[in-house]
Amino acid sequence: MAVYYLIFIISYFLCFFDFIKETKIKLFVFLLFTASVTLIAGLRTLGVDNDSVVYQQIFISSENISFYQIIIGDYWENTERGFYLLNKLVYTSGGDIQTLLLTVSILTASLNYSIIYKISPYPFLSLLFYLSFFYLYRDFTQIRYGLSCALVFYAIYFYIKKRYFFFFV
């Protein structure tokens, strides 16, 4: 548990970087910290959160289902097609449940943290808010929901920027 407290304490002190004018230093520190936080979420052991054992069962069940069955929704699991497809892709690529957790963590983090850095005038403060309210819940427990929220967050960004093609994709 001390690791999670340390994440929040470091994030709090990194807010001072919001007032540094040198953008290269700010970007470097932001990328270093967010990469660390991403790896902590992606490389956690099973059972640290409430849902990882369920995600392991979904991953194992993807062995017996074809891509066609996933696309048409012909499976008994109550799981979103996109997430099931991601499980199948990781499984057929030779990955295990840890690879899946790391993949989802990297996808979610790259979407969330990049949009935070792009649009926030105070990216470290915004990161502190994200970590305080969503990190342990979305990035650890409800990873499907966290990834879908990150995709919607990015879609809204493209809509506001009037880049409608990327909004619909």
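Which residues form one aromatic cluster with Y113? Select Y113, F129, Y130, F133 and F134: together they make up that cluster. Keep in mind on this tour that the model is predicted. The structure holds 17 aromatic pairs, and a few stops follow.

**Stop 1: F30 and Y117.** A pair of aromatic rings is described by the distance of the centres and the angle of the planes. Select F30 and Y117, whose ring centres are 4.9 Å apart. Their planes stand at 50 degrees, so this pair counts as tilted. Now colour helix 2 (residues 23–42), where F30 lies, and helix 6 (residues 97–119), where Y117 lies. The two parts are 87 residues apart in sequence, and the pair therefore ties them together. Show the surface next: F30 is buried, with a relative accessible area of 2%, whereas Y117 is partly exposed, at 24%.

**Stop 2: Y113 and Y130.** The ring centres of Y113 and Y130 are 5.7 Å apart, and the planes are at 90 degrees, so the pair is edge-to-face.

**Stop 3: charges over rings.** R138 lies over the face of F134, 4.0 Å from the ring centre. Finally, go to F67 and K88. Here the charged end of K88 sits over the ring of F67, at 6.0 Å from the centre of that ring.

Notes
Residues numbered from 1 in each chain as written. Predicted model: local features only at pLDDT ≥ 70, side-chain atom pairs only at ≥ 80, totals over all residues. Heavy atoms only, no water. Phe/Tyr/Trp six-rings, centres within 6.5 Å; stacked < 30°, edge-to-face > 60°. Helix = DSSP H or I, 4+ residues; strand = E, 2+ residues; numbered from the N terminus. Buried < 20%, exposed > 50% of the residue type's maximum accessible area, 1.4 Å probe, protein only. Lys NZ or Arg CZ within 6 Å of the ring centre and 35° of its normal.
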